[in-house]
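Here are my notes on the model you sent over, point by point. Have the structure open while you read.

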Amino acid sequence: SMMDKISDKFHGGDSSSSSSDSDDDKKGPAAGVKAKIYRLFGREKPVHAVLGGGKPADLVLWRNKKVSGGVLAGATAIWLLFEVMEYHLLTLVGHCLILSLATLFLYSNVCIFIHK
């Protein structure tokens, strides 16, 4: 009948399967999907989860290319400044402090002339 044909389509066409076969069919697709996932070095978790997830893992895995590129460019600039050009950290701190002191001095003098 029509209902038997429809049920055969849903149950795989073999209406004389035993209960052990139907148990294997229930496990089969889920086990097959699990077996198809291949992870390097036999890991069970993805690399993103191993790295802790979140923004640091995204940075290391280059999920946001602009942020990762900016961090790489900044680290390269710092390396060039200190190693290649032999600039010292104490000198950099001193120059930054002098620049901030000069900026504050000019700002305070400009504010005095503007408010007169």
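**Notes on the model**

1. Let's start with Ser68, which sits in helix H5. Helices here are DSSP runs of H or I with at least four residues, strands are runs of E with at least two, and both are numbered from the N terminus. Ser68 counts as buried, with a relative accessibility of 4%. For that label, buried means under 20% relative accessible area, exposed means over 50%, and partly exposed is in between, using a 1.4 Å probe and protein chains only. Setting aside neighbours within four places in sequence, Ser68 touches Asp58, Leu59 and Trp62, where contact means heavy atoms within 4.5 Å.

2. A word on the ground rules. This is a predicted model, in which local features need pLDDT of at least 70 and side-chain atom pairs count only at pLDDT 80 or more, while totals for chains, interfaces and linings use all residues. Residues are numbered from 1 along each chain as its sequence is written, and side-chain values use heavy atoms, with hydrogens and water left out.

3. Now the overall picture. The protein chain has 6 helices and 0 strands, so the order from the N terminus reads α-α-α-α-α-α. Of its 116 residues, 3% count as buried. The accessible surface of the protein chain is about 10,400 Å², and 68% of that belongs to carbon and sulfur atoms. Those areas come from the Shrake-Rupley method with a 1.4 Å probe; for residues, only the protein chains shown count as cover.

4. Next, a partner of Ser68. Leu59 lies in helix H4 and is partly exposed, at 30% relative accessible area. Beyond its neighbours within four places in sequence, Leu59 is in contact with Val67, Ser68 and Val71. Leu59 and Val71 are 12 residues apart along the chain, and their C-alpha atoms are separated by 8.6 Å.

5. Which side chains meet in a salt bridge? Asp58 and Arg63 do, at 3.9 Å from N to O. The structure holds 1 salt bridge, meaning a side-chain nitrogen of Lys or Arg within 4 Å of a carboxyl oxygen of Asp or Glu. Side chains of opposite charge can pair when their charged atoms come close. Asp58 is partly exposed at 26% relative accessibility, whereas Arg63 is exposed at 53%.

6. Two backbone angles deserve a look. Trp62 has a positive phi of about 60° although it is not a glycine. Trp62 lies in the loop between helix H4 (54-60) and helix H5 (65-84) and is partly exposed, with a relative accessible area of 39%. Glu86, also not a glycine, has a positive phi near 55°. Glu86 is in the loop between H5 and helix H6 (89-115), and at 60% relative accessibility Glu86 counts as exposed.

7. On to the surface. Val47, Leu51, Val60 and Leu61 make up a nonpolar patch with about 300 Å² of accessible area together. Patches are made of residues with over 30% relative accessible area and no salt bridge; like charges are joined within 9 Å, and nonpolar side chains (Val, Leu, Ile, Met, Phe, Trp, Tyr) within 5 Å. Leu61 is found in the loop between H4 and H5, and its relative accessibility of 31% makes Leu61 partly exposed.

8. In the model, residues 67-85 are 95% helix and 0% strand, with end C-alpha atoms 26 Å apart. Residues 91-114 are 100% helix and 0% strand, and their end C-alpha atoms lie 35 Å apart.

9. Last, the cysteines. How many disulfides does a search of the whole structure find? The count is 0, with a disulfide taken as a pair of cysteine sulfur atoms within 2.5 Å. A disulfide is a covalent bond between the sulfur atoms of two cysteines. Cys96 is partly exposed at 45% relative accessibility, and Cys111 is partly exposed at 23%.
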